[in-house]
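Have the coordinates open as you read along.

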Amino acid sequence: MNTKDIIDSHLIECYVLGAAEPKEAQLVEKYIKENKEVREVVLGFQKALENYSATYTVNAPNSAKDKIFDKISMDKETEIIDFKPASPVRTWWVAASLIIVSISILANVFLGMQAQKFKNELAQTKLNNQKLTFENLINKANYRSASEQLALIHKHGNKTTHLEGLTIAKEASAMIYWNSETKELYINIDHLPDAPQGKQYQLWALKAGKPVDAGVIDIHAADNTMYKMKNIDEAEAFAISLEKLGGVESPTMDAIYAMGSI
Amino acid sequence: MKLYQLKITEQELVKRLKMRDKTAFSTLYDSYSGALFGIILKIVRTDPPAEDVLQDAFLKIWKKIDSYNQDKGSIFTWMLNVSRNTGIDYTRSEAYKKSASAVDISDKTKIVDNRTNENYKIEHIGVKELVSKLKPEHKEIIDLIYFNGYTQAEVAETLNIPLGTVKTRVKLAMNHLREYFSE
């Protein structure tokens, strides 16, 4: 197997998910050690799994930390303090010991402060880092959707139509992007009243006054996102009606909320 | 510059952990316990026993730190693997099978979503939307393997799809995940 083979296979994906057979895992680990390209791919997947896992973060119960540290202390062999039988000592020896003890206390205080500083700095960095990571990922994802939407709008053969609210819902408003060449249809809801329980909006394409089902609108709020609907071959106008959940075969005429022609 | 510093700090942290430095272990706990508790909760579904599993995982991390090899990945990835394995092993134990949480949720494909949990502390509305960018069938296959410890054959059986399809989907799902979740 060469580098390309292993990257093209699904072995690396399997390995990072923990689903590789022992032999496969050994092979991947051999590559990680020897091949920079494979190593980069593995690290990339691991990073993605780390970030994905971190979306599940829930603060651990307060009691957990103490219990863990108690167990660790019990686990460690207890340090044995060796008491030697008292022997005659000279005064200068006592004085020297006192000085050594004082220095030792000072050093401990200093080291303790350093350790605390190290601890605070690291916890803070990690915390900020996770937050920044998510902000960064969200921005990237938003940018991506925006670019994809822009690309859709500018596609050759694209037709944009504004659906205006009718008497029953004057404030209703939506944009339709229909491509007469690719037949693809997208909707971007600007505003629609909340659908009552058990009801759902449905989009229709109209050709020579005949309605064709363009799919139910499965969203709860205007979120400035283009939703893909059913492909439509021909259309002169589009309309939105309020129907029962799952949609119907032909629109309820007195429940048409918005409409617009191309 | 900042990233470089962080890398040094992680190396420093690992060095201290290998010397059995409890301050370093405390820092490690403060930095990662939330993320690890979150995935353990996702695996074992309820607390208890999630807290006990978290304790076991951290004890293993403390005892086995010498087996952590930085060449194979970050300390977080290693800890995720230790925690996942501890959680998955627990769900296969007799104690868990007898417990209510296993009986209540007989359908293993239904996976608890911690993000609806009130304790969820990442104050980002966008995170949920970010996860929703993943196709449901991709998220499902990652969750079954990574969090429930399914083999690919078990996934094929559970989802009633051919093993070949599972393999293709694993590859697609991971590449999709990387698109959205790597910096």
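This is a predicted model: local features need pLDDT of at least 70, side-chain atom pairs count only at pLDDT 80 or more; totals for chains, interfaces and linings use all residues.

Chain B has 10 helices and zero strands, so under the DSSP-based assignment its elements are helical from the N terminus on. Of its 183 residues, 49% are buried. Towards the end of the chain, helix 9 (residues 152-159) and helix 10 (residues 163-181) of chain B have axes that come within 9 Å and cross at roughly 110 degrees. Helix 9 of chain B and helix 10 of chain B are therefore roughly perpendicular to each other. The crossing of helix 9 of chain B past helix 10 of chain B is right-handed.

**Salt bridges**

Side chains of opposite charge can pair when their charged atoms come close. How many salt bridges does a search of the whole structure find over all chains? The search gives 16, and the table shows some of them.

| Pair | N to O distance |
|---|---|
| A:Glu13 and B:Lys171 | 2.9 Å |
| A:Lys207 and A:Glu236 | 3.5 Å |
| B:Asp143 and B:Lys42 | 3.5 Å |

A:Glu13 and B:Lys171 meet in a salt bridge of 2.9 Å. This pair crosses between chains, joining A:Glu13 in helix 2 (residues 11-17) of chain A to B:Lys171 in helix 10 of chain B. A:Glu13 is buried, because its relative accessible area is 1%, whereas B:Lys171, at 22%, counts as partly exposed.

The salt bridge between A:Lys207 and A:Glu236 has an N to O distance of 3.5 Å. It links distant parts of the chain: A:Lys207 sits in strand 4 of chain A, while A:Glu236 sits in the loop between strand 6 (227-228) and strand 7 (237-244) of chain A, 29 residues apart. A:Lys207 is partly exposed at 32% relative accessibility, and A:Glu236 is partly exposed at 40%.

In chain B, the closest N and O atoms of B:Asp143 and B:Lys42 are 3.5 Å apart. Here the partners are 101 residues apart, with B:Asp143 in helix 8 (residues 136-147) of chain B and B:Lys42 in helix 2 of chain B. Are these side chains buried or exposed? B:Asp143 is buried at 2% relative accessible area, and B:Lys42 is buried at 2% as well.

Finally, A:Lys155, A:Glu184 and A:Lys228 are linked in a network of salt bridges.

**Loops and backbone angles**

Most residues other than glycine have a negative phi. A:Ala208 has a positive value, near 55 degrees, and lies in the loop between strand 4 (199-207) and strand 5 (210-217) of chain A. At 67% relative accessibility, A:Ala208 counts as exposed.

B:Arg20 also has a positive phi, of about 60 degrees, although it is not a glycine. B:Arg20 is in the loop between helix 1 (2-18) and helix 2 (22-44) of chain B and is partly exposed at 29% relative accessibility. B:Ile65, in the loop between helix 3 (50-64) and helix 4 (75-91) of chain B, is buried at 2% relative accessible area.

**A nonpolar surface patch**

On chain A, the residues A:Val101, A:Ile105, A:Val109 and A:Met113 form a nonpolar patch on the surface, with about 380 Å² of accessible area together. A:Val109 belongs to helix 6 (residues 91-153) of chain A and is partly exposed at 48% relative accessibility.

How values were computed: Residues are numbered from 1 along each chain as its sequence is written. Chains are lettered from A and ligands numbered from 1 in the order in which they are written. Side-chain values use heavy atoms; hydrogens and water are left out. Patches are made of residues with over 30% relative accessible area and no salt bridge: like charges are joined within 9 Å, nonpolar side chains (Val, Leu, Ile, Met, Phe, Trp, Tyr) within 5 Å. Accessible areas come from the Shrake-Rupley method with a 1.4 Å probe; for residues, only the protein chains shown count as cover. A salt bridge is a side-chain nitrogen of Lys or Arg within 4 Å of a carboxyl oxygen of Asp or Glu. Helices (H or I, at least four residues) and strands (E, at least two) are DSSP runs, numbered from the N terminus. Buried means under 20% relative accessible area, exposed over 50%, partly exposed in between (1.4 Å probe, protein chains only). Axes are lines fitted to C-alpha atoms, for helices over the stretch in contact, and angles run from 0 to 180 degrees between N-to-C directions. Angles under 35 degrees count as roughly parallel, over 145 as roughly antiparallel, 65 to 115 as roughly perpendicular and the rest as oblique. A crossing is left-handed if the near helix is turned anticlockwise from the far one by less than a right angle, and right-handed if clockwise.
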